[in-house]
Amino acid sequence: MTGVQTCALPISESLLWLTLGKGPFLLHGAVTFLANSKITSIQTLDLLRDEQNNMRLAVVLASRKRFPKESKIVKVALIDKSPSVRRAAVQWVAEENLKDLRPQVEAILDSKSMTTDLFLATLAALEMLDGKDPKDFDKTPAGKYVLPLVKDEKRSPAVRAQALRLVDRKSVV
């Protein structure tokens with residue numbers, strides 16, 4: 001709660017409880033509250049320092065609605081410690097076609113606390129930023145995207161291991 005106390009934006013206690021709770025309905029309430037508020041992009045950056053993952057996730061999702069092309073906010077979210085916040089940022093970059101942030105998206109492959117969901121979202125985002133249709137990504141076996149990462153000796157062992165987990169043994173043979 002210390003992030004809320006030091007934040008320059010007065011936040012209602014109900015928003016705090018919404019973000020501390022678990023579940024998509026509470027998160028949606030927080031996102032809606034923030035998206036409809038008079039929050040500025042500078043105040044948004046301040047909120048991204050909050051200790052609560054759900055608060056930061058709500059801020060990222062609301063910021064995308066309010067400031068879809070604001071690269072300062074999404075840059076901060078792309079380096080967040082929470083995989084769910086980084087995943088929301090990756091999706092934001094891809095769907096808003098923020099091509100200048102491609103290097104930051106690619107850097108996520110080497111980030112700590114990687115999840116399978118974040119890994120796949122990052123690969124999909126890179127494909128979208130390169131002009132590929134997202135429907136094609138869903139239809140293509142994961143091995144097509146991850147096998148080159150497994151074979152790339154310049155990639156970190158963590159990236160190669162994550163990619164290897166997604167390779168279907170039947171498709172390699």
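**Exercise 1. Find which residues of the largest nonpolar core touch the most other members.**

Solution. Start with the term: a nonpolar core is a set of buried Ala, Val, Leu, Ile, Met, Phe, Trp, Tyr and Cys residues joined through side-chain atoms within 4.5 Å. Buried here means under 20% relative accessible area, while exposed is over 50% and partly exposed is in between (1.4 Å probe, protein chains only). The largest core has 49 residues, and Val 90, Val 93, Val 105, Phe 119 and Leu 123 touch the most other members. Next, see where the core comes from: the elements giving two or more residues to this core are α3 (24-35), α4 (41-47), α5, α6 (71-78), α7 (83-95), α9 (116-129), α11 (142-151) and α12 (157-166). Of these, α9 gives the most, with eight residues.

A quick note on the model before going on. It is a predicted one, where local features need pLDDT of at least 70 and side-chain atom pairs count only at pLDDT 80 or more, while totals for chains, interfaces and linings use all residues. Residues are numbered from 1 along each chain as its sequence is written, and side-chain values use heavy atoms, with hydrogens and water left out.

**Exercise 2. Pick out Val 105 and list what Val 105 touches, not counting residues up to four places away in sequence.**

Solution. Contact means heavy atoms within 4.5 Å. With that cut-off, Val 105 touches Leu 78, Val 90, Val 93, Thr 122, Ala 125, Leu 126 and Leu 129. Now zoom out to the whole chain: among contacts with a separation of 6 or more, 63% join residues 24 or more positions apart.

**Exercise 3. Follow helix α5 and work out what α5 gives to the lining of the largest cavity.**

Solution. First the helix itself: α5 (residues 53-66) has 14 residues and reaches 20 Å from first C-alpha to last, close to the 20 Å expected at 1.5 Å a residue. That expected span is 1.5 Å times one less than the number of residues. Its buried residues are Met 55, Arg 56, Leu 57, Ala 58, Val 59, Val 60, Ala 62 and Ser 63.

Then the cavity: on a 1 Å grid over the protein atoms alone, that's a set of points where a 1.4 Å probe fits but cannot get out, and lining residues have an atom within 4 Å of a point. The largest cavity holds about 40 Å³ of space. Its lining is Leu 34, Ile 39, Thr 44, Val 59, Ala 62, Ser 63, Arg 66 and Phe 67. Helix α5 gives the most to this lining, with four residues.

**Exercise 4. Look at Asn 97 and Ser 113: where are they found?**

Solution. Asn 97 is in the loop between α7 and α8 (102-107), and Ser 113 is in the loop between α8 and α9. Most residues other than glycine have a negative phi. Yet phi of Asn 97 is near 55 degrees, and Ser 113 has a positive phi of about 50 degrees. Asn 97 is partly exposed, at 41% relative accessible area, and Ser 113 is also partly exposed, at 41%.

Terms used
1 Å grid on protein atoms, 1.4 Å probe; cavity = no way out; pocket = protein on both sides within 12 Å on 5 of 7 lines; lining within 4 Å. Points joined across faces, edges and corners; volume = space filled by probe spheres on them.
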